[in-house]
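I opened my notebook to go through this model and jot down what I looked up.

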Amino acid sequence: MIMRRSIKQDKNMTNATLINYTTMKFISKPELDLYIQMQEQLLTPDLISKLTTAGMLRRTTTKVWNKDGAHIAAVLYEYKDPESYKACQPILEDELLSKLTQFNRTFSSTRGVVTHEIISEEYVL
(Lines give C-alpha, C1' and ligand atoms only; values in the text may rest on other atoms or scores of the structure.)
Protein backbone atom coordinates (compact mmCIF):
# COMPACT_ATOMS: atom_id res chain seq x y z
CA MET A 1 0.00 0.00 0.00
CA ILE A 2 1.28 3.46 -0.88
CA MET A 3 0.90 5.99 1.93
CA ARG A 4 0.57 9.60 0.84
CA ARG A 5 0.28 12.40 3.36
CA SER A 6 0.42 16.14 3.46
CA ILE A 7 1.34 18.42 6.35
CA LYS A 8 -2.36 19.15 6.74
CA GLN A 9 -4.24 15.84 6.67
CA ASP A 10 -7.41 17.25 5.11
CA LYS A 11 -5.55 18.91 2.23
CA ASN A 12 -6.13 17.31 -1.17
CA MET A 13 -3.20 15.21 -2.35
CA THR A 14 -1.85 15.26 -5.85
CA ASN A 15 -2.73 12.23 -7.95
CA ALA A 16 0.79 11.71 -9.35
CA THR A 17 1.91 8.14 -8.70
CA LEU A 18 4.90 7.87 -11.07
CA ILE A 19 7.75 10.35 -11.48
CA ASN A 20 10.56 10.56 -14.03
CA TYR A 21 13.51 12.84 -13.22
CA THR A 22 16.13 13.45 -15.90
CA THR A 23 19.28 15.55 -15.60
CA MET A 24 21.17 16.72 -18.69
CA LYS A 25 24.71 18.07 -18.56
CA PHE A 26 25.64 20.47 -21.38
CA ILE A 27 29.09 21.53 -22.59
CA SER A 28 28.38 25.26 -22.18
CA LYS A 29 25.88 27.78 -20.83
CA PRO A 30 24.88 28.92 -24.37
CA GLU A 31 24.05 25.27 -25.24
CA LEU A 32 21.93 24.95 -22.10
CA ASP A 33 20.14 28.22 -22.76
CA LEU A 34 19.44 27.30 -26.39
CA TYR A 35 18.08 23.90 -25.31
CA ILE A 36 15.67 25.58 -22.88
CA GLN A 37 14.60 28.09 -25.53
CA MET A 38 13.98 25.36 -28.14
CA GLN A 39 11.98 23.14 -25.80
CA GLU A 40 9.79 26.11 -24.90
CA GLN A 41 9.08 26.61 -28.61
CA LEU A 42 8.34 22.91 -29.13
CA LEU A 43 5.99 22.61 -26.14
CA THR A 44 3.01 23.98 -28.03
CA PRO A 45 -0.53 23.98 -26.63
CA ASP A 46 -1.29 21.06 -29.00
CA LEU A 47 1.61 18.97 -27.68
CA ILE A 48 0.77 19.81 -24.08
CA SER A 49 -2.83 18.75 -24.74
CA LYS A 50 -1.68 15.41 -26.19
CA LEU A 51 0.56 14.74 -23.19
CA THR A 52 -2.01 15.68 -20.58
CA THR A 53 -4.69 13.66 -22.36
CA ALA A 54 -2.30 10.67 -22.26
CA GLY A 55 -1.87 11.09 -18.49
CA MET A 56 1.03 13.45 -17.87
CA LEU A 57 0.07 15.61 -14.90
CA ARG A 58 3.02 17.97 -14.71
CA ARG A 59 6.35 18.76 -16.37
CA THR A 60 8.92 21.08 -14.84
CA THR A 61 12.29 22.13 -16.28
CA THR A 62 14.93 23.62 -14.01
CA LYS A 63 18.46 24.96 -14.32
CA VAL A 64 20.63 23.35 -11.66
CA TRP A 65 22.27 26.17 -9.72
CA ASN A 66 24.31 24.44 -7.03
CA LYS A 67 27.05 22.90 -9.22
CA ASP A 68 29.76 25.49 -9.87
CA GLY A 69 31.00 25.53 -13.46
CA ALA A 70 28.44 22.96 -14.59
CA HIS A 71 25.66 23.58 -17.10
CA ILE A 72 22.84 21.27 -16.08
CA ALA A 73 19.10 21.18 -16.74
CA ALA A 74 16.71 18.86 -14.97
CA VAL A 75 13.26 17.82 -16.15
CA LEU A 76 10.64 16.39 -13.81
CA TYR A 77 7.65 14.55 -15.25
CA GLU A 78 4.72 13.45 -13.10
CA TYR A 79 2.23 10.86 -14.35
CA LYS A 80 -1.07 9.44 -13.11
CA ASP A 81 0.15 5.85 -13.37
CA PRO A 82 2.52 3.53 -15.27
CA GLU A 83 0.09 3.32 -18.20
CA SER A 84 0.17 7.11 -18.56
CA TYR A 85 3.97 7.06 -18.58
CA LYS A 86 3.94 4.45 -21.35
CA ALA A 87 1.33 6.35 -23.36
CA CYS A 88 3.38 9.57 -23.22
CA GLN A 89 6.69 8.07 -24.37
CA PRO A 90 5.92 7.87 -28.13
CA ILE A 91 4.43 11.38 -28.05
CA LEU A 92 7.52 12.78 -26.32
CA GLU A 93 9.86 10.95 -28.69
CA ASP A 94 8.05 11.99 -31.87
CA GLU A 95 7.20 15.58 -31.02
CA LEU A 96 9.89 16.75 -28.59
CA LEU A 97 12.95 14.59 -27.99
CA SER A 98 13.62 13.78 -31.64
CA LYS A 99 13.79 17.51 -32.34
CA LEU A 100 16.42 18.16 -29.65
CA THR A 101 19.10 15.67 -30.74
CA GLN A 102 21.61 18.27 -31.96
CA PHE A 103 22.75 19.09 -28.42
CA ASN A 104 25.92 17.58 -27.01
CA ARG A 105 24.77 16.44 -23.56
CA THR A 106 24.84 13.52 -21.20
CA PHE A 107 21.70 12.16 -19.54
CA SER A 108 20.82 10.52 -16.28
CA SER A 109 17.21 9.41 -15.73
CA THR A 110 15.53 8.08 -12.63
CA ARG A 111 11.98 6.79 -12.34
CA GLY A 112 10.13 6.30 -9.10
CA VAL A 113 6.81 5.54 -7.51
CA VAL A 114 5.49 8.21 -5.15
CA THR A 115 5.53 6.83 -1.62
CA HIS A 116 5.31 10.00 0.45
CA GLU A 117 4.41 13.58 -0.31
CA ILE A 118 4.46 16.76 1.75
CA ILE A 119 2.54 19.77 0.53
CA SER A 120 2.76 23.11 2.27
CA GLU A 121 -0.41 25.15 2.72
CA GLU A 122 1.43 27.86 0.77
CA TYR A 123 1.84 25.68 -2.34
CA VAL A 124 -0.28 27.16 -5.11
CA LEU A 125 -1.50 25.13 -8.06
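Which residues are exposed on the other side of helix 2? I looked and found Pro 45 and Thr 53 exposed there. I keep the cut-offs handy: buried is under 20% relative accessible area, exposed is over 50%, and partly exposed is in between (1.4 Å probe, protein chains only).

Before going on, I noted that this is a predicted model, where local features need pLDDT of at least 70, side-chain atom pairs count only at pLDDT 80 or more, and totals for chains, interfaces and linings use all residues. Residues are numbered from 1 along each chain as its sequence is written, and side-chain values use heavy atoms, with hydrogens and water left out.

**Whole chain.** I counted three helices and four strands in the protein chain. Helices (H or I, at least four residues) and strands (E, at least two) are DSSP runs, numbered from the N terminus. From that end the order reads β-α-α-β-β-α-β. Of the 125 residues, 30% are buried.

**Helix 2.** I went back to helix 2, residues 45-54, and found Leu 47, Leu 51 and Ala 54 buried. Looking down the axis of helix 2, I saw its buried residues fall within an arc of 65°, so they line one face of the helix. (The arc is that of the directions from the helix axis to the C-beta atoms.) These buried residues pack against helix 1 (29-42), strand 2 (56-63) and helix 3 (82-95). After helix 2 comes Gly 55, with a positive phi near 120°.

**Helix 2 with helix 3.** The two pack at an angle of about 160°, and their axes are 8 Å apart. Axes are lines fitted to C-alpha atoms, for helices over the stretch in contact, and angles run from 0 to 180 degrees between N-to-C directions. That makes helix 2 roughly antiparallel to helix 3, a label for angles over 145 degrees. From helix 2, Leu 47, Lys 50, Leu 51 and Ala 54 make the contact, which means heavy atoms within 4.5 Å. Helix 3 brings residues including Ala 87, Cys 88 and Ile 91.

**Ala 73.** I found this residue in strand 3, residues 71-79. Is Ala 73 buried or exposed? Its relative accessible area is 0%, so Ala 73 is buried. Leaving aside neighbours within four places in sequence, I listed its contacts, among them Met 24, Phe 26 and Leu 32. I also checked Phe 107, 34 residues from Ala 73 along the chain: their C-alpha atoms are separated by 9.8 Å.

Technical notes
Parallel < 35°, antiparallel > 145°, perpendicular 65-115°, else oblique.
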